[in-house]
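Here is a short briefing on one chain. Look at the fold first, then work through the points below.

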Amino acid sequence: MFPEFSVTLCPEILYIIYKMQKERIIERAATMFVEQGIKSVRMDDIAGAVGVSKRTLYEMFESKDNLLYLAIRHMQSHKLEHIKKSVQSSKDSLAYLFESMEMMLDNKEAHRRISHNLRKFYPATFERVRKEAEEENGRLLFSMIKHYIDCGLILPTVDIRLSVTILYYTATTLVISAGNMSLPEGVSLEDALSYTIVNFFRGIATIEGVHQIDEYIATKNRK
């Protein structure tokens, strides 16, 4: 006969397991919200998809609003990390700046739908997410403009904070007003966003920066 024994996990290990499980649930919930819509997905659906009880889900997240908030922040954080990596490898090319801005203002149909429904059905969560994303995107855009000033592609006399405010609010207003805006025939919202971003930076670019912008536009038109 073998002696009976029990294994007691230390609190640190239990916390790591709990955190990993929580992150897995947030990731799965984020996917479900994108694919099925935030209004359609119920806590029962998420519990079934991740293999936990509904009670456990509520013990971990308290409410659907809170899980929804964490899922959206997870998606935003993932996108920001991708943008930061692109900027770090960009060296001295403004093309990466434009591509990063387009990612920051992602206008895919699924994300537009999430934003619209979040504002409509979960206004408090929408405002919380909007404010935090605005602050993070603002800091990232500030560092990007500073980087390209140091590279000699943006004029050193530029007021970075004012530039960030004007550009960010102009671009986000375009996205938010998409459904009520009448664009010229053949012009998509993506075209309008790209036009706004590129011409804004043309106005604050150095001669070398303008040259890169012209090359970027020419390359994009050839695609």
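Helix 2 (residues 43-50) and helix 3 (residues 54-61) are roughly perpendicular to each other. Their axes lie 9 Å apart, and the packing angle is about 105°. This is a predicted model: local features need pLDDT of at least 70, side-chain atom pairs count only at pLDDT 80 or more, and totals for chains, interfaces and linings use all residues. Residues are numbered from 1 along each chain as its sequence is written, and side-chain values use heavy atoms, with hydrogens and water left out.

**Terms for helix packing**
- Two packed helices are described by the angle between their axes and the distance between the axes.
- Axes are lines fitted to C-alpha atoms, for helices over the stretch in contact, and angles run from 0 to 180 degrees between N-to-C directions.
- Angles under 35 degrees count as roughly parallel, over 145 as roughly antiparallel, 65 to 115 as roughly perpendicular and the rest as oblique.

- Helix 2 meets helix 3 through M43, D44, I46 and A47. Helix 3 supplies K54, L57 and Y58 to that contact (heavy atoms within 4.5 Å).
- M43, I46, A47 and V50 of helix 2 are buried (under 20% relative accessible area; exposed is over 50%, partly exposed in between; 1.4 Å probe, protein chains only).
- Those buried residues fall within an arc of 100° seen down the axis of helix 2, so they line one face of the helix. The arc is that of the directions from the helix axis to the C-beta atoms.
- G51 follows helix 2 and has a positive phi, near 75°.
- Helix 1 (residues 11-36) also crosses helix 3, at roughly 105°, with the axes coming within 12 Å. That makes helix 1 roughly perpendicular to helix 3.
- Y18, Q21, K22, I25 and I26 of helix 1 make this contact with L57, M60 and F61 of helix 3.
- R28 sits in helix 1. R28 is partly exposed, at 34% relative accessible area.
- R28 touches A49 and V50, not counting residues up to four places away in sequence. R28 and I46 are 18 residues apart in sequence and 7.7 Å apart in space, C-alpha to C-alpha.

**After helix 3**
- E62 is in the loop between helix 3 and helix 4 (64-88).
- E62 is not a glycine, yet its phi is positive, about 70°. Most residues other than glycine have a negative phi.
- E62 counts as exposed, at 65% relative accessibility.

**Helix 6**
- N117 lies in helix 6 (residues 109-121) and is buried, with a relative accessible area of 15%.
- N117 touches I38 and Y122, residues up to four places away in sequence being left out.

**Helix 8**
- Helix 8 (residues 160-176) has 17 residues and should span 24 Å at 1.5 Å a residue; its end C-alpha atoms are 24 Å apart, which agrees. The expected span is 1.5 Å times one less than the number of residues.
- I160, S163, V164, L167, Y168, A171, T172 and L174 are its buried residues. They cover an arc of only 150° around the axis, which puts them on the same side of helix 8.
- Helix 5 (94-104), helix 7 (123-150) and helix 9 (189-204) are among the elements that cover these residues.
- D159 caps the N-terminal end of helix 8: one of its side-chain oxygens lies 3.3 Å from the backbone nitrogen of R161.

**Helix 9**
- The 16 residues of helix 9 should span 22 Å at 1.5 Å a residue, and the end C-alpha atoms are 23 Å apart, which agrees.
- Its buried residues are L189, A192, L193, S194, I197, V198, F200, F201 and I204. They pack against helix 5, helix 7, helix 8 and helix 10 (207-222).
- S194 counts as buried, at 12% relative accessibility. Leaving aside neighbours within four places in sequence, S194 is in contact with E102 and K220.

**Whole chain**
- The chain has 10 helices and zero strands. Helices (H or I, at least four residues) and strands (E, at least two) are DSSP runs, numbered from the N terminus.
- Buried residues make up 36% of the 223 residues.
- Of the contacts with a separation of 6 or more, 67% join residues 24 or more positions apart.

Key:
Polar contact = N/O pair within 3.5 Å; in protein donor to acceptor, adjacent residues only side chain to side chain.
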